[in-house]
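My plan is to go through the place where its chains meet, one look-up at a time.

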Protein chains: 2
Amino acid sequence: VRPTAAIIVIGDEILAGKFADENAGYAIGELRALGVALRRIEVIPDDLDDIAASVRAASSRYTHVLTSGGIGPTHDDLTMEGIARAFDVPVERHPELERLLARYYGPRLDPNHLRMASAPRGAELLVSDHPEWPVCAFRNVYILPGIPLIFRRKLDAIKERFRAPPFHLARVYALAEEAWLAPRLEAVLAAVPGVTIGSYPRLEAPDYRVMITLEAEDPSRLDAAVRELEGRLAPGVHVRTER
Amino acid sequence: VRPTAAIIVIGDEILAGKFADENAGYAIGELRALGVALRRIEVIPDDLDDIAASVRAASSRYTHVLTSGGIGPTHDDLTMEGIARAFDVPVERHPELERLLARYYGPRLDPNHLRMASAPRGAELLVSDHPEWPVCAFRNVYILPGIPLIFRRKLDAIKERFRAPPFHLARVYALAEEAWLAPRLEAVLAAVPGVTIGSYPRLEAPDYRVMITLEAEDPSRLDAAVRELEGRLAPGVHVRTER
């Protein structure tokens, strides 16, 4: 069974347009390349109840949950407390996080730095692949920072644990209206079980009108669906197929 | 009371990384400029239950809900049915949509085009500002297409109905660590009620380390908060303030 995932981006600054989100966009590509089926992205405010509700629902529904943001030392960093609330555990000082912060800051360490040593009770620190980029996780929730550069490094450090068999995808480009294509796509779906098809019109594309995507867990079914579809497209309608 | 909003992006193609979302990003900027407080973005699959659950929850919680995608003529276009399910009404042929489609397609009109004339019972067609870009709405849910060019035109055609008083925002750029800033930001929050403060470190910024944003519904409170904060920053820490 293919693993699934949700991304929860926590941050008023994204919703207010102060910064464009970069992290969900990065994670979309990485999860896809890892063979993980991303099922949901949420962008939510710096609010404890919102964080708790989103994390609780996503954790129970998907294999993996990635959070982005809200783990710094200021008053608007509420992610650790929100995750603790989601699972009804207290927030406490995590000894290993404290040790890492003390090592990083050295003699400059002050109590405000140590706010970043708090985590939900039972959280673990993942440092296996790249010890310089530890990631705090609680059950299936991976707690990543909002700063895009650090988000990418931390996700890269842990991503191999998510790897699953690759997706099998074909793209068929067609010079036709979606309404003309619709019954033909349904005929392919009926003829080849286990295939999913998406249909995406693009008004500004140079040489096609609709990109059709076909996917299957079984590559031979994908081949069969592509042949079935190509056979149903009139000459001149089929622009090209990409695998 | 300031109006709130949620954006629900419906589309497997975004979650699978086949296309990057452009519509939520566009709507973030437009809603902000309109004075609407965006509180949530969700990107969800082409799935009836997901659509129904997200629309139902957002419609009851926020002033306005914008959906993007899933309103074409193919089998994966499930938004109208999902919204109908959210409100427990049937989907039916909408006479005004049918008339507009017939006018648009003329003699080429076929039954597959008419799939796009379906809407939840009770939906209204908004054509007031720009009659060439009608938008279907059900209660407080505005149903927009996934094609970015058309999404933007339709949102532009209806957006004035959302306009509210402008936000009052100041940005203070500081050359300091967040941990050093944290107690100072809390002191400002304690001294000036009615102000919200965000703190955003950026590692790659040329001349600052943290962007601090201050917001208030009352501009005089915002002025007071900015003065309060500037007074608490050491010389050399305060880089500049932008209004």
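How many residues does the contact take from chain B, and how many from chain A? I note before answering that this is a predicted model. I looked up the contact and found that it takes 58 residues from chain A and 57 residues from chain B.

**Entry on area.** I next looked up the area buried between chain B and chain A, which comes to about 4800 Å², with carbon and sulfur atoms giving 56% of it. On the side of chain B, the residues that lose the most area to chain A are K18(B), F19(B) and H75(B), and together they make up 13% of what that side buries.

One of the bridges joins the side chains of R108(B) and E177(A), with a distance of 2.5 Å from N to O. The residues on the side of chain B that touches chain A divide into 27 nonpolar, 20 charged and 10 polar.

**Entry on the strands.** I looked at strand β2 in each chain, residues 37-44 in both cases, and found that the strand of chain A and the strand of chain B pair in the antiparallel sense over three bridges. Within this pairing, I41(A) stands opposite V43(B) in β2(B). I also found a salt bridge between the side chains of E42(B) and R40(A), at 3.2 Å from N to O, and this pair crosses between chains, from strand β2 of chain B to strand β2 of chain A.

**Entry on symmetry.** How can chain B be laid on chain A? A turn of 180° with a shift of 0.0 Å along the axis does it, with an RMSD of 0.0 Å, and that is the relation of a two-fold axis. Of the residues of chain B, E42(B) comes closest to the rotation axis, its C-alpha lying at 2.2 Å. Finally, I noted that 100% of the interface residues of chain B are also interface residues in chain A, so the copies meet through the same surface.

Conventions: Residues are numbered from 1 along each chain as its sequence is written. Chains are lettered from A and ligands numbered from 1 in the order in which they are written. This is a predicted model: local features need pLDDT of at least 70, side-chain atom pairs count only at pLDDT 80 or more; totals for chains, interfaces and linings use all residues. Side-chain values use heavy atoms; hydrogens and water are left out. Contact means heavy atoms within 4.5 Å. Buried area is the accessible area (1.4 Å probe) that two parts lose on being put together, summed over both. A salt bridge is a side-chain nitrogen of Lys or Arg within 4 Å of a carboxyl oxygen of Asp or Glu. Ala, Val, Leu, Ile, Met, Phe, Trp, Tyr, Cys and Pro count as nonpolar, Asp, Glu, Lys and Arg as charged, and the others, Gly among them, as polar. Two strands pair if DSSP finds at least two bridges between them. Helices (H or I, at least four residues) and strands (E, at least two) are DSSP runs, numbered from the N terminus. Copies are superposed by least squares on the C-alpha atoms of residues with pLDDT of at least 70 in both.
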